[in-house]
Amino acid sequence: MSTFDHDVDFVVIGSGFGGSVAALRLAEKGYSVLVLEKGKRYRPEDFPTTNWNLRKWLWMPPLGFFGFFNISIFRHVTVLSGAGVGGGSLVYANCLQIPSAEFFTAPSWAHLADWQRELEEFYPLVRKMLGATPNPRFDAGDLALQQLARDIGRERDFAPTTVSVYFGEPGVRAPDPYFGGRGPERSGCTFCGGCMVGCRHDAKNSLDKNYLYFARQLGARIQAESLVDDVTPIGRQDGSDGYRVHWRKSTSLLPKNGKRSGEVTCRGIVFAGGVLGTVDLLLRLRTTSLPRLSSRIGADVHTNSESLNGVTTFKRDTDFSQGLAIGSILRTDSHSHLEPVSYPSGSGFWRLFVMPLVHRRNTVTRLLSVLADLVRHPVRNARVLLVRDWAKRTQILLYMRTIDGTLRLRRGLLGLRSLLDGGTPPTPFMPEARELAERFAGIVDGKPMAMATEVFLGSPTTAHILGGCVMGRDETEGVVDKDNRVFGYENMYACDGSTISANPGVNPSLTIAALAERAMSKVPPRQNAQWDTP
């Protein structure tokens, strides 16, 4: 029998779509919970008005940038992710889409459970918690996508996105509309397009407005600016006696007020730092304090097989910045979707990274093709690069497929690095994506462009990095079991995108939260919990 007196029952590392669910459901079951989040806490007025305000927008601590948006460039993929209390919900495009059947029956995890049946009760639960509702209006990009749907004979496959946004009277505060008055006040969406630069109008149902809000009311503590760097078993090495968690202040390189670091002990732990956070930490811990972890950590990393292309219109009366970040979705075939992505007026940071759209596999031929395009179309390229308000005139097109390609993440001298992991690697060069971008450009009288990282490196950009801590029958096949329990250790879970074992082909936030709901539903209430190992 364990005789250790722990500071808390559970430590949850990360406060995104997995960590926030874990925090609330564990607190509901009577456990004391501490959430450690590396990012900062945000109020609506704390968000920047434009993504040119790099210090408030980007998360780059070595440069003194302590925002909520992180850009990580690897050899085979560029990853966009969030940081802050609420994790990716602070910066995502609000979309809560349920994947198609191919996701649930993917060979990588279909042998573990009937996933469509297992998750059918949790998808509606998450949507209810996040105030999900269909987008009530279409703006310029949505209307152009609808026209594209007609042109390719798939108008029935065009629909508004289901989003976590409050559509009350624009800009007017109202009592909690979701939880019988027990939640925080909200303000109606103004359709300013600022969802991914941080909602300054309090209309976005980010996780701090629901899961984390109620977790705190039940006694959970949420400690921001705290980066976990060690987890060590106390007593027995399988963790059955609990864990000691060490953290350091993430927003300070020097000691500050004597609170640069600290330790806390707990009975159980939930890793929920997202792929880049959880996989990086577990890779380090496997060589030090948690040697029982599976050697599969870092394997089976995948994206939504995405391609990001921008289309800049030459029509001065077209404004792509109004509406939602993503207001509509088009199923272009049995395994692919296309979404128009917007930024608010004045948020033209990404113009620094655009180049003519070329689809050549070889780097040299790609660069020659870019040069040829610049020579053949000097005026059109100049108009794109010098457009006055890039966000107003540019529609980003997000193309996603359920067709999978995997990578492996490993630690090197400078941190995580990507390696090919067999099969077809992710690529931005998909003929379907290029054709759709060119068709869209024809509709809006614009020019399609590509990300510079895709042109120079030949690698895609993704906001939906998944896997690396995937499910399996045992530790030879995965890092966690089908209930998100980490192999080799007691009372240890992983609940974030790193456990997603297949490619959803749509925005994955809903699925991450639904899997976390399922995992936490299997944890017994505090009074019945059996912490002792026979």
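**Cavities**

I searched the whole structure and found five cavities of 30 Å³ or more. A cavity here is a set of points, on a 1 Å grid over the protein atoms alone, where a 1.4 Å probe fits but cannot get out. Points are joined across faces, edges and corners, and a volume is the space filled by probe spheres set on them.

I noted that this is a predicted model, in which local features need pLDDT of at least 70 and side-chain atom pairs count only at pLDDT 80 or more, while totals for chains, interfaces and linings use all residues. Residues are numbered from 1 along each chain as its sequence is written, and side-chain values use heavy atoms, with hydrogens and water left out.

The largest cavity holds about 100 Å³ of space. I listed 14 lining residues for the largest cavity (an atom within 4 Å of a point). Nearest its centre lie Cys189, Cys192, Cys195, Cys199 and Ala203. Sorted by class, the lining has eight nonpolar, five polar and one charged residues; Cys and Ala count as nonpolar, Gly as polar, and Asp, Glu, Lys and Arg as charged.

**Sheet**

Next I looked up an open sheet of three strands, ordered β5-β6-β25 with mixed pairing. Strands are DSSP runs of E, at least two residues, numbered from the N terminus, and two of them pair if DSSP finds at least two bridges between them. β5 (69-73) and β25 (461-462) are the edge strands, each pairing on one side only.

β5 pairs with β6 (residues 78-82) in the antiparallel sense over five bridges. A hairpin of four residues joins β5 to β6. I found Ile73 opposite Thr78 in β6, and Ile71 bridged to Leu80.

**Cores**

Which residues have the most contacts inside the largest nonpolar core? I read off Val11, Leu26, Val33, Val231 and Phe271, in a core of 93 residues. A core is a set of buried Ala, Val, Leu, Ile, Met, Phe, Trp, Tyr and Cys residues joined through side-chain atoms within 4.5 Å. Helix α14 (residues 509-521; H or I, at least four residues) gives the largest share, eight residues.

I also noted a second, separate core of 34 residues, including Tyr42, Val197, Val341 and Ile396.

Key:
On a 1 Å grid over the protein atoms alone, a cavity is a set of points where a 1.4 Å probe fits but cannot get out, and a pocket is an open set with protein on both sides within 12 Å along at least five of seven lines; lining residues have an atom within 4 Å of a point. Buried means under 20% relative accessible area, exposed over 50%, partly exposed in between (1.4 Å probe, protein chains only).
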